[in-house]
Amino acid sequence: MHINKNILLDKFSHSMHNDEYALREYCATGDIPDYRQLVHEFTGMQKDLFEYAKSQVTEDEKLSPDELAEITSEFCRIHYDWIENVGKHALNRWLVYRCWQEGIST
């Protein structure tokens with residue numbers, strides 16, 4: 001069975017939180033084994049993306065949403081050949097909020 005991780009990432013990764021419940025429910029209806037492994041993988045991706053974004057900004061600088069979208073696209077291009085626009089968008093909406101929360105974006 002082919003699993004489209006982009007759809008799964010879209011179910012999970014949101015701006016103000018990760019929706020583990022939605023991912024678990026979707027996996028159950030699609031007979032996708034062990035959603036916990038996906039949670040671990042996706043939170044690792046988010047953490048790495050956030051660290052990458054932080055490395056792209058100086059102490060006094062703030063990143064715009066457009067710059068964060070570029071950073072997300074670049075990060076995905078480098079690290080995840082399977083990711084498509086749906087997955088990039090899911091990661092980016094999480095990143096925009098996280099960077100705003102940490103004070104490194106506008």
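Author: Buried means under 20% relative accessible area, exposed means over 50%, and partly exposed is what falls in between. Keep in mind that this is a predicted model.

Reader: Fine. Is Tyr 52 buried or exposed, then?

Author: Tyr 52 has a relative accessible area of 16%, so it counts as buried.

Reader: How many aromatic pairs does the structure hold?

Author: Five aromatic pairs are found in the structure. One of them joins Tyr 52 and Phe 75, with 5.6 Å from centre to centre and 45 degrees between the planes, a tilted arrangement.

Reader: Which helices do Tyr 52 and Phe 75 lie in?

Author: Tyr 52 is in helix α3 and Phe 75 is in helix α4, so their pair ties together parts 23 residues apart in sequence.

Reader: And what is the relative accessible area of Phe 75?

Author: The value for Phe 75 is 2%, so this residue is buried. Phe 75 also pairs with Tyr 80: the ring centres are 5.9 Å apart and the planes stand at 55 degrees, so this pair is tilted. Tyr 80 is buried, as is Phe 75.

Reader: Which residues form the aromatic cluster?

Author: Tyr 52, Phe 75, Tyr 80 and Trp 82 form one cluster.

Reader: Changing topic. How many salt bridges does a search of the whole structure find?

Author: The search finds four salt bridges. Among them is the one between Lys 5 and Glu 41, whose closest N and O atoms are 2.9 Å apart.

Reader: Where do Lys 5 and Glu 41 lie?

Author: Lys 5 lies in helix α1, residues 5–12, and Glu 41 lies in helix α3, so the pair ties together parts 36 residues apart in sequence. Lys 5 is partly exposed at 26% relative accessibility, and Glu 41 is partly exposed at 23%.

Reader: What does Arg 93 meet in a salt bridge?

Author: The partner of Arg 93 is Asp 10, at 2.8 Å from N to O. Arg 93 belongs to helix α5, residues 85–101, and Asp 10 to helix α1, so this bridge ties together parts 83 residues apart in sequence. Asp 10 has 27% relative accessibility and counts as partly exposed.

Reader: What about Glu 51, which residue does it form a salt bridge with?

Author: Glu 51 bridges to Lys 54, with 3.6 Å between the closest N and O atoms. Both are in helix α3, three residues apart, so about one helical turn separates them. Glu 51 is partly exposed at 39% relative accessibility, and Lys 54 is partly exposed at 36%.

Reader: Which residues gather in the patch of negative charge on the surface?

Author: The patch consists of Glu 59, Asp 60, Glu 61, Asp 66, Glu 67, Glu 70 and Glu 74.

Reader: Where is Glu 61 found?

Author: Glu 61 sits in the loop between α3 (35–55) and α4 (65–79). Its relative accessible area is 30%, so Glu 61 counts as partly exposed.

Reader: Last one. Where is Ser 105, and how far is it from Gly 30 in space?

Author: Ser 105 is in the segment after α5. From C-alpha to C-alpha, Ser 105 and Gly 30 are 37 Å apart in space, and they are 75 residues apart in sequence. Ser 105 has a relative accessible area of 5%, so it is buried.

Technical notes. Residues numbered from 1 in each chain as written. Predicted model: local features only at pLDDT ≥ 70, side-chain atom pairs only at ≥ 80, totals over all residues. Heavy atoms only, no water. Patch = residues over 30% accessible without salt bridge, like charges linked within 9 Å, V, L, I, M, F, W, Y side chains within 5 Å. Areas by Shrake-Rupley, 256 points an atom, 1.4 Å probe, with all protein chains shown as cover. Salt bridge = Lys/Arg side-chain N within 4 Å of Asp/Glu carboxyl O. Lys, Arg positive; Asp, Glu negative; His and termini not counted. Charge placed at Lys NZ, Arg CZ, Asp CG, Glu CD. Helix = DSSP H or I, 4+ residues; strand = E, 2+ residues; numbered from the N terminus. Buried < 20%, exposed > 50% of the residue type's maximum accessible area, 1.4 Å probe, protein only. Phe/Tyr/Trp six-rings, centres within 6.5 Å; stacked < 30°, edge-to-face > 60°.
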